[in-house]
Amino acid sequence: MLYEKGFLFKEKKLRDAVSKSYYAFLEAARAALLTRGKTAKTHAGTLTLFEMEFGKTKIIPSRFIIFYRQILKDRMEADYEMLREFSKEEADKSIKMAEEFVSFIEKNLIFKKITIPIFRRSKKKNYCKIN
């Protein structure tokens, strides 16, 4: 996925590079939240929950939290504000930060400890509960 962002960057598709870099952030944040058995329904909810779980506890370096907020804003502009132009430097920074963030999440959260809730069928009716 990150290779694709590099390709987009080389092809001068700066808007797409910024947008796809955001999605790398989003998916890595979702994976990190799953290590805690948590999910969010929206993009903004994922950011908020991620900040609460990892930012306030200093598990994630603050520079990633700051850039996550910024890249969410940039992604909205890239996808919906057609007059917004992105510089090569902005796109390059987005790609670089996304690669660093994904790498950090993989090394420090995903591959260290994965805790996935176990679903068991309840004896009452056909409900499932999380242990």
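Which side chains meet in a salt bridge at 2.8 Å, N to O? They are those of K38 and E53.

## About the model

This is a predicted model, where local features need pLDDT of at least 70, side-chain atom pairs count only at pLDDT 80 or more, and totals for chains, interfaces and linings use all residues. Residues are numbered from 1 along each chain as its sequence is written, and side-chain values use heavy atoms, with hydrogens and water left out.

## Salt bridges

A salt bridge is a side-chain nitrogen of Lys or Arg within 4 Å of a carboxyl oxygen of Asp or Glu. Searching the whole structure gives 11 of them. Start with K38 and E53, whose side chains meet at 2.8 Å. This pair links distant parts of the chain, 15 residues apart. K38 sits in the loop between α2 and α3 (43-55), while E53 belongs to helix α3. Helices here are DSSP runs (H or I, at least four residues), numbered from the N terminus. K38 counts as partly exposed because its relative accessibility is 32%. E53 has 13%, so it counts as buried. The cut-offs are simple: buried is under 20% relative accessible area, exposed is over 50%, and partly exposed is in between (1.4 Å probe, protein chains only).

Next comes R30 with E27. Their closest N and O atoms are 3.0 Å apart. Both residues lie in helix α2 (residues 14-34), 3 residues apart, or about one turn of the helix. An α-helix has 3.6 residues a turn, so residues three or four places apart point the same way. R30 counts as partly exposed, at 30% relative accessibility. E27 is partly exposed too, at 39%.

## Helix α4

Another salt bridge joins R75 and D79, at 3.1 Å from N to O. Both lie in helix α4 (residues 62-80), 4 residues apart, about one turn of the helix. R75 is buried, with a relative accessible area of 6%. D79 is partly exposed, at 25% relative accessibility. Salt bridges that share partners also join K73, D74, E77, R84 and E90 into one network.

How many residues does α4 have? The helix has 19 residues. From its first C-alpha to its last it reaches 28 Å, close to the 27 Å expected at 1.5 Å a residue. That expected span is 1.5 Å times one less than the number of residues. The buried residues of α4 include F64, F67, Y68, L72 and R75. Its buried residues pack against α2, α3 and α5 (88-110).

## Where α3 meets α4

The axes of α3 and α4 lie 11 Å apart, at an angle of about 175°. That makes α3 roughly antiparallel to α4, a label for angles over 145 degrees. Axes are lines fitted to C-alpha atoms over the stretch in contact, and angles run from 0 to 180 degrees between N-to-C directions.

On the α3 side, H43, T46, L47, F50, E51 and G55 take part. They meet I65, Y68, R69, L72 and R75 in α4. Contact means heavy atoms within 4.5 Å. By class, this contact has 5 nonpolar, 3 polar and 3 charged residues. Ala, Val, Leu, Ile, Met, Phe, Trp, Tyr, Cys and Pro count as nonpolar, Asp, Glu, Lys and Arg as charged, and the others, Gly among them, as polar.

## A positive phi in the loop

K58 lies in the loop between α3 and α4. Its phi is near 65°, a positive value in a residue other than glycine. Most residues other than glycine have a negative phi. K58 is exposed, with a relative accessible area of 69%.

Notes. Helices (H or I, at least four residues) and strands (E, at least two) are DSSP runs, numbered from the N terminus. Angles under 35 degrees count as roughly parallel, over 145 as roughly antiparallel, 65 to 115 as roughly perpendicular and the rest as oblique.
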